[in-house]
Amino acid sequence: MSPVFPMLTVLTMFYYICLRRRARTATRGEMMNSHRTIESNSRTSPLNAEVVQYAKEVVDFSSHYGSENSMSYTMRNLAGVPNVFPSSGDFTQTAVFRTYGTWWDQCPSASLPFKRTPPNFQSQDYVELTFEQQVYPTAVHVLETYHPGAVIRILACSANPYSPNPPTEVRWEILWSERPTKLNASQARQFKPCIKQINFPTNLIRLEVNSSLLDYYTELDAVVLHGVKDKPVLSLKTSLIDMNDIDDDAYEEKDGCGMDNLNKKFSSAVLREGPNNGYFDKLPYELIQLILNHLTLPDLCRLAQTCKLLSQHCCDPLQYIHLNLQPYWAKLDDTSLEFLQSRCTLVQWLNLSWTGNRGFISVAGFSRFLKVCGSELVRLELSCSHFLNETCLEVISEMCPNLQALNLSSCDKLPPQAFNHIAKLCSLKRLVLYRTKVEQTALLSILNFCSELQHLSLGSCVMIEDYDVIASMIGAKCKKLRTLDLWRCKNITENGIAELASGCPLLEELDLGWCPTLQSSTGCFTRLARQLPHLQKLFLTANRSVCDTDIEELACNCTRLQQLDILGTRMVSPASLRKLLESCKDLSLLDVSFCSQIDNRAVLELNASFPKVFIKKSFTQ
């Protein structure tokens, strides 16, 4: 036999080995590209045509800029076909969240962040949308018309909201996620992220956003779901590529939102006897505790399964003084709370925001947890926790005698009578009732008994009949009040403002945005400036009557001012703004959008003179 053939055989084998090694040691980027190729190859076929549909309904959201009784700037504008796209600009027919930028984290009403928040959870707001047909998603397109770039996560749910039968299991899967990024453009775009393939059909999509890097409010117009009715079948070639992706299991565990994943981490494992702990057990107990403080909650639960020494440390209630469960909203259920219950007897800060919806947490499960873990609670975050009912608030009032901060933001399914129980929490210093159905009688009772209040949010509380009565009670009872949010309160007048200004001299933050009944001609804004010298944030958004006199009074009396919003006024000149900027050295945000006397040239001149101030100017379309 010719010597050439053995050489060819050796080269062939060497080439084969190199190919196998390349497949096994491929980078994550190469593997992700292979996944994308798989998805694109399996998306469409003559027998499984793609279905394209716009959102049918908006079923839940955490906040919006608009009024509860209007369609302007509300999340409901995301349903149906586009109203604005492909046009760019500020349009009332779009969906807009309540905040943007870092301004809201820098004002006096901002809360301290929770420890142990995983770095990959940076969502600030969300909206959930339903579609007519359940499909296996092949693409999700978000039509953004102004300041795009806020969407950071897209998720799909296995539950069908239109099914008459309750689901036996509810699963959430992350289709796509990314850290917040800053886009330089404010123009409209069709956002088309490359999504992950999932193994169940869906007609419930959730967008999560982070607007902290944006220069203004993001505006969304519509969401388009592409999908197929039948589950795509992967080819043999695809399976071989997946077999060589040695990181797949880790990738799926990282992005999966299954209930079982979290419960396995919370559950205890049988620990085997070991000969010793090396020299680790020679460290001081406090030092080990300090080291473990840097772990996220799932990592802490995993570490508890390694040895008895670390199990003792990881289960120590001192590790759970601050417990943030919001990042795990898609996984948390009654069983999870049961696992955590014995470790949380000393918990002081508890964040259950966004959790428990669609039956994940029951009233009984929540009540059992608080009966064991509520005695030391000082802060309780329950934003958008729609499992809450009157019984839950009654349990909170009985089991949390030391509670100082309660957040019920956007708990719009709570019945009005439930809020009466809050009056029993006499130590409250912070109360957030944004977008709730609290009624006037219950609120008056709360204000009467909770005289220690320092931070109060009543934005978009549409069930309150007379805000002047509420303002009078606040002025009479809440002498320590530092921040007050009356965003879109429909009927406060100069009389209510007078009671507030005289009764709450310590006010540092006041939001009177979109309060149409306030008129500068009554002297209400001048009164505020003269009687509230500690003001750091003042929002007079969309009040057309704010004038030069008001701005000059602020310049003279409120020199600590850091944030001022006078969007929409027609009566403020560049000269008065210059006086304000010269007087208020700490001013960092000045919103003069749609102010008819402030043109682009004036803004450029002010920016040149005061470069440290973010001066926002938007123009009508």
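This is a short tour of a predicted model, from the whole chain to selected side chains.

**Whole chain**

Colour by burial next: of the 621 residues, 54% are buried. Residues 24 or more positions apart account for 81% of them.

**Stop 1: Glu381**

Select Glu381. You will find it in strand S13, which spans residues 379-381. Is Glu381 buried or exposed? Its relative accessibility is 7%, so Glu381 counts as buried, the cut-off being under 20%.

Show the side chains of Arg379 and Asn407. The Glu381 side chain makes a polar contact with the side chain of Arg379 at 2.8 Å. A polar contact with the Asn407 side chain also comes in at 2.8 Å. Then widen the selection to the residues Glu381 touches beyond four places in sequence. These are Phe114, Leu350, Asn351, Leu352, Ser353 and Asn407.

**Stop 2: Glu144 and Arg189**

Turn to salt bridges; the count for the model is 22. Select Glu144 and Arg189, whose closest N and O atoms are 2.6 Å apart in a salt bridge. This pair links distant parts of the chain, 45 residues apart. Glu144 sits in strand S4 (residues 125-146), and Arg189 in strand S7 (residues 189-191). Glu144 is buried, at 0% relative accessible area, whereas Arg189 is partly exposed, at 27%.

**Stop 3: Lys182 and Asp215**

Select Lys182 and Asp215. Their side chains meet in a salt bridge, 3.2 Å from N to O. Lys182 is in the loop between strand S6 (172-177) and S7, and Asp215 is in the loop between strand S8 (202-209) and strand S9 (219-228), so the bridge ties together parts 33 residues apart in sequence. Lys182 is partly exposed, with a relative accessible area of 44%. Asp215 is partly exposed too, at 35%.

**Stop 4: Arg206 and Glu208**

Finish with Arg206 and Glu208. Here the salt bridge runs 2.9 Å from N to O. Glu208 is buried, with 0% relative accessible area. Arg206 is buried as well, at 1%.

Notes. Residues numbered from 1 in each chain as written. Predicted model: local features only at pLDDT ≥ 70, side-chain atom pairs only at ≥ 80, totals over all residues. Heavy atoms only, no water. Buried < 20%, exposed > 50% of the residue type's maximum accessible area, 1.4 Å probe, protein only. Contact = heavy atoms within 4.5 Å. Helix = DSSP H or I, 4+ residues; strand = E, 2+ residues; numbered from the N terminus. Polar contact = N/O pair within 3.5 Å; in protein donor to acceptor, adjacent residues only side chain to side chain. Salt bridge = Lys/Arg side-chain N within 4 Å of Asp/Glu carboxyl O.
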